[in-house]
Amino acid sequence: MHDLRGKKREWALVRPDTTAYLRERLTAVADLLPSGLAAEVRAVVSDIDRDAAVVGLLRSGR
């Protein structure tokens with residue numbers, strides 16, 4: 001995730017439960033939106049899932 005606190009880091013590691021909560025909330029919001037906007041929000045959720053999978057692989061040493 002982009003570092004919004006200005007510590008000059010492009011990426012910061014966040015806790016898995018925080019990521020899961022964000023994913024859950026974005027999915028709930030997507031369910032309320034018109035189909036075009038919902039597709040964009042679901043694309044963000046897909047990006048989160050992909051990034052979480054990559055982090056998991058990196059942390060496992062693969």
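Student: How does the reach of H2, from its first C-alpha to its last, compare with the length expected at 1.5 Å a residue?

Tutor: H2 has 26 residues, and its end C-alpha atoms lie 37 Å apart, which is close to the expected 38 Å. That expectation is 1.5 Å times one less than the number of residues in the helix. This is a predicted model, in which local features need pLDDT of at least 70 and side-chain atom pairs count only at pLDDT 80 or more, while totals for chains, interfaces and linings use all residues. Residues are numbered from 1 along each chain as its sequence is written, and side-chain values use heavy atoms, with hydrogens and water left out.

Student: How many helices and strands does the protein have?

Tutor: There are two helices and zero strands, where helices (H or I, at least four residues) and strands (E, at least two) are DSSP runs numbered from the N terminus. Helix H1 covers 16-32 and helix H2 covers 35-60, with Leu33 in the loop between them. After H2 comes Gly61, whose phi is positive, near 85°.

Student: Why is Leu33 called partly exposed?

Tutor: The term covers residues between buried (under 20% relative accessible area) and exposed (over 50%), judged with a 1.4 Å probe and protein chains only. Leu33 has a relative accessible area of 30%, so it is partly exposed.

Student: Which residues of H2 are buried, and what covers them?

Tutor: In H2, the buried residues are Ala38, Val41, Val45 and Ile48, and their cover includes H1. Across the protein, buried residues make up 10% of the 62 residues.

Student: Is Leu26 buried, partly exposed or exposed, and why?

Tutor: Leu26 has 22% relative accessibility, and therefore counts as partly exposed. Val55, whose place is in helix H2, also falls in the partly exposed class, because its relative accessible area is 33%.

Student: What makes Asp49 and Arg23 a salt bridge?

Tutor: A salt bridge needs a side-chain nitrogen of Lys or Arg within 4 Å of a carboxyl oxygen of Asp or Glu. The closest N and O atoms of Asp49 and Arg23 are 2.6 Å apart, and the pair is counted as a salt bridge. Asp49 lies in helix H2 and Arg23 in helix H1, so the pair ties together parts that are 26 residues apart in sequence. Asp49 is partly exposed because its relative accessible area is 32%, and Arg23 is partly exposed because its value is 34%.

Student: What makes Asp31 and Arg42 a salt bridge as well?

Tutor: Their closest N and O atoms are 2.7 Å apart, and they form a salt bridge. Asp31 lies in helix H1 and Arg42 in helix H2, so this pair ties together parts that are 11 residues apart in sequence. Asp31 has 53% relative accessibility and therefore counts as exposed, whereas Arg42, at 38%, counts as partly exposed.

Definitions and conventions
Contact means heavy atoms within 4.5 Å.
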